[in-house]
Amino acid sequence: MAGKQIPEKLNNFTGYRNGTEYMGVADVDLPDLESLSETVSGAGIAGEVESPTIGQFGSMTATINWRVLERLNFKLARQEAQHIDFRGSIQTFDSATGTYQQVPLKVTIRGLPKTTPLGSLTVGGTMDNSNELEVIYIKIIYNGETVVEIDKFNFICIIDGVDYLAQVRENLGL
């Protein structure tokens, strides 16, 4: 009998700037995927519908929260696109075998620096500073499969294997 795969938690993750520069100890708030939308109303509709614009998203921000101020904070504040890879391992319990499995997760973002709160100075305490990036590209690979790829400047919106902007690119001659 096949067991259930129960994803339990992110066991751990690392972050790398430009693919190789280890980023240290941090927590990350990933962006929300919120579709741009327009209210549709009129004859033939009983009320209003908030209609999503397929493949287009509002502002997406990612925040990297640090314990202390480091040189990397200033590298990430450079007024240029930043490329960051987060590589994680999701701990999953197999109910049939009673064993744990580790599922790979990779989140790649390219973003433009938006805010760089420098935190606070407290003797013996963390500084709680951060870098916030406006995400222009995000790709999520779960267990070796691309499940999300959004590239705002290149009209790419792939979610769970469906390329929602393929026809739009063709129509625009891109």
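**Entry 1: Asp 160 and the ground rules**

Where does Asp 160 lie? I found Asp 160 in the loop between strand 11 (156-159) and strand 12 (162-163). I took helices (H or I, at least four residues) and strands (E, at least two) as DSSP runs, numbered from the N terminus.

I note that this is a predicted model, in which local features need pLDDT of at least 70 and side-chain atom pairs count only at pLDDT 80 or more, while totals for chains, interfaces and linings use all residues. Residues are numbered from 1 along each chain as its sequence is written, and side-chain values use heavy atoms, with hydrogens and water left out.

I then looked up the accessibility of Asp 160.

**Entry 2: the chain as a whole**

I counted 2 helices and 12 strands in the protein chain. Their order along the sequence is β-β-β-β-β-β-α-β-β-β-β-β-β-α. The radius of gyration is 20 Å, well over the 16 Å that the globule rule gives for 174 residues, so the chain is more spread out than a compact globule. That radius is taken over C-alpha atoms, and the globule rule is 2.2 Å times the number of residues to the power 0.38. Along its principal axes the C-alpha trace spans about 65 × 55 × 35 Å.

I also noted that buried residues make up 29% of the 174 residues. A contact means heavy atoms within 4.5 Å. Of the contacts with a separation of 6 or more, 59% come from residues 24 or more positions apart.

**Entry 3: two loop asparagines**

I looked up Asn 18, which is found in the loop between strand 1 (5-17) and strand 2 (21-22). Asn 18 is partly exposed, at a relative accessible area of 47%. Asn 18 has a positive phi of about 55 degrees and is not a glycine. I placed its C-alpha atom 15 Å from that of Ile 64, a residue 46 residues away along the chain.

Is Asn 129 buried or exposed? Asn 129 is buried, with 1% relative accessibility. I located Asn 129 in the loop between strand 8 (99-115) and strand 9 (130-142). Leaving out residues up to four places away in sequence, I list among those it touches Ile 64, Trp 66, Arg 67, Leu 69, Pro 117 and Gly 119. Its side chain also makes a polar contact of 3.1 Å with the side chain of Asn 73. A polar contact is a pair of N or O atoms within 3.5 Å; within protein, one must be able to donate a hydrogen and the other to accept it, and residues adjacent in sequence count only if both atoms are side-chain atoms.

**Entry 4: rings**

I found 3 aromatic pairs in the structure. Among them, Phe 13 and Phe 86 have ring centres 6.1 Å apart and planes at 65 degrees, so the pair is edge-to-face. Phe 13 lies in strand 1 and Phe 86 in strand 7 (residues 82-94), so the pair ties together parts that are 73 residues apart in sequence. The rule covers rings of Phe, Tyr and Trp (its six-membered ring) with centres within 6.5 Å; planes under 30 degrees apart count as stacked, over 60 as edge-to-face and the rest as tilted. Phe 13 is partly exposed at 26%, whereas Phe 86 is buried at 7%.

I also saw the charged end of Arg 110 over the ring of Tyr 137, 4.0 Å from its centre. The rule asks for NZ of Lys or CZ of Arg within 6 Å of the ring centre and within 35 degrees of the ring normal.

**Entry 5: salt bridges**

Lys 75 and Glu 21 form one of them, with the closest N and O atoms 2.9 Å apart. Lys 75 lies in helix 1 (residues 71-76) and Glu 21 in strand 2, so the pair ties together parts that are 54 residues apart in sequence. Glu 21 is partly exposed, at 23%. I found Arg 17, Glu 21 and Lys 75 linked in a network of salt bridges.

Arg 87 forms a salt bridge with Asp 85 at 3.9 Å between the closest N and O atoms. Arg 87 is partly exposed at 33%, while Asp 85 is buried at 5%.

Definitions and conventions. Buried < 20%, exposed > 50% of the residue type's maximum accessible area, 1.4 Å probe, protein only. Salt bridge = Lys/Arg side-chain N within 4 Å of Asp/Glu carboxyl O.
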